[in-house]
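Please look over the structure shown here. The briefing that follows goes through selected local features and then the sheet.

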Amino acid sequence: MTASGQYGVGHASMESRDEARGNRKVKFEVYYPVPAHELRTTPAGMNAARFPVICFAHGYQHPGDQYGNLVGILVPSGYIMLNLTTFEGPFPSHRGYADEVRFLAASVVKLGADTASPLYGIADTLCILMGHSMGGGAMFHAAADNADVDAVVALTPYDIRPSAIEAATRVTVPTLIFSGTSDCITPPEKNHIPMYERSAAEDKTYISIINGSHCGMGDSRKCFTAERIAGCRGGMNTEEQTAILKRYMLPWLNFFLKGERGDGLIFNSTLSTDESVTWLQSRPLTADIPEL
């Protein structure tokens, strides 16, 4: 992965047990910021900084550890990522996956307080849900009526069953949805746009990447092969699409999660002049930053 930012990237594989679901093992990859010069020498918990936590839900048969493009954007800029690696097989339970995402969000505080965790002392209580495709739909279910969640970011989200569009009506936290005009896997008019329109969030933005692809949200070659088999035409590769994601995702997160008002101005200014996207927005980010 290519990383650029203030921090290096630490990594660990972890699992937690969900007692409410028969002591189920929930496995995930952990990526966390470490000052670059201390990457190999500083024990967990020695950082003075605390970082917002992103709970990430992968797409259908798109492994959770194959989103290095997003890790390379977010972690060096001061965000922790917990990438689920469950339900990666051909017959996932959508309802079970949504429960998995909700459980992971509820585990953030515990992970930050556990002295055996690499996140000890560095995980903030601020929690963002982010998901791609099937994971985007599951994320809306996990965020519905959930006080543990402070913001959501959906990447070409799929309307899973039970309906993620219906679940969006019960998500009130700031919401950012990315779509792509070349996505034939989850067509925007049946998936992404209805989720935006039905969302109960006062602060919501929908960004459609012109020629954006479904699989360009991650870095799985298998996903791109599936796109070709499905008959998708055109579409950006991961590198091209990641550059666009970066110029919106970071300022949006910084505005809502870190209170950086200037990034809200950057976000809206970029959106208004960028010919590579079209967009919808409930209100500009230059409004008062909501307290999370």
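**Briefing**

D145 is exposed, with a relative accessible area of 57%; exposed means over 50% relative accessible area, buried under 20% and partly exposed in between, with a 1.4 Å probe and protein chains only. The model is predicted: local features need pLDDT of at least 70 and side-chain atom pairs count only at pLDDT 80 or more, while totals for chains, interfaces and linings use all residues. Residues are numbered from 1 along each chain as its sequence is written, and side-chain values use heavy atoms, with hydrogens and water left out.

**Backbone features**

- D145 has a positive phi of about 55° although it is not a glycine.
- D145 sits in the loop between α4 (134-143) and β6; helices (H or I, at least four residues) and strands (E, at least two) are DSSP runs, numbered from the N terminus.
- N211, also not a glycine, has a positive phi of about 70°.
- N211 belongs to the loop between β8 and α7 (221-230) and is partly exposed, at a relative accessible area of 35%.
- The peptide bond joining R161 and P162 is cis, with omega about 0°.
- P162 is in the loop between β6 and α5 (164-168).

**Sheet**

- Nine strands make up an open sheet with mixed pairing, in the order β1-β2-β4-β3-β5-β6-β7-β8-β9; two strands pair if DSSP finds at least two bridges between them.
- β1 (7-18) and β9 (277-281) are the edge strands, each pairing on one side only.
- From one strand to the next, the twist averages 20°; axes are lines fitted to C-alpha atoms, for helices over the stretch in contact, and angles run from 0 to 180 degrees between N-to-C directions.
- Strands of a sheet pair through backbone hydrogen bonds, either parallel or antiparallel.
- β6 and β7 run parallel and are joined by four bridges, with V153 opposite L176 in β7.
- β7 also pairs with β8 in the parallel sense, over six bridges, and here I177 stands opposite Y206 in β8.
- β8 (residues 204-209) and β9 run antiparallel, joined by five bridges; the bridge partner of Y206 in β9 is L280.

- β7 is mostly covered, with six of its six residues buried.
- T175, I177 and S179 point one way from β7, while L176, F178 and G180 point the other way, and all are buried.
- A right-handed β-α-β unit is made by β7, helix α6 (residues 192-198) and β8; a crossover is right-handed if, with the strands pointing away from the viewer, the path from the first strand over the helix to the second runs clockwise.
- Helix α8 (residues 238-258) lies across β3 (51-57), β5 (123-132), β6 (151-155), β7 (175-180), β8 and β9, and runs at about 170° to β6.

**Salt bridges**

- The whole structure has nine salt bridges, a salt bridge being a side-chain nitrogen of Lys or Arg within 4 Å of a carboxyl oxygen of Asp or Glu.
- R247 and D274 form a salt bridge, with their closest N and O atoms 3.0 Å apart.
- R247 lies in helix α8 and D274 in the loop between α9 and β9, so this pair ties together parts that are 27 residues apart in sequence.
- R247 is partly exposed at 32% relative accessibility, whereas D274 is buried, with a relative accessible area of 13%.
- In the D18 to R21 salt bridge, the closest N and O atoms are 2.6 Å apart; D18 is buried at 8% relative accessible area and R21 is partly exposed at 23%.
- D159 and R161 meet through their side chains in a salt bridge of 3.0 Å, N to O; D159 is buried at 10% relative accessibility, and R161 is exposed at 55%.

**A buried aspartate**

- D263 lies in helix α9 (residues 261-273).
- D263 is buried yet has no salt bridge, and the nearest side chain of opposite charge, K258, is 7.9 Å away; Lys and Arg count as positive and Asp and Glu as negative, with His and the chain ends not counted.
- Leaving aside neighbours within four places in sequence, D263 is in contact with L250, P251, N254 and F255, contact meaning heavy atoms within 4.5 Å.
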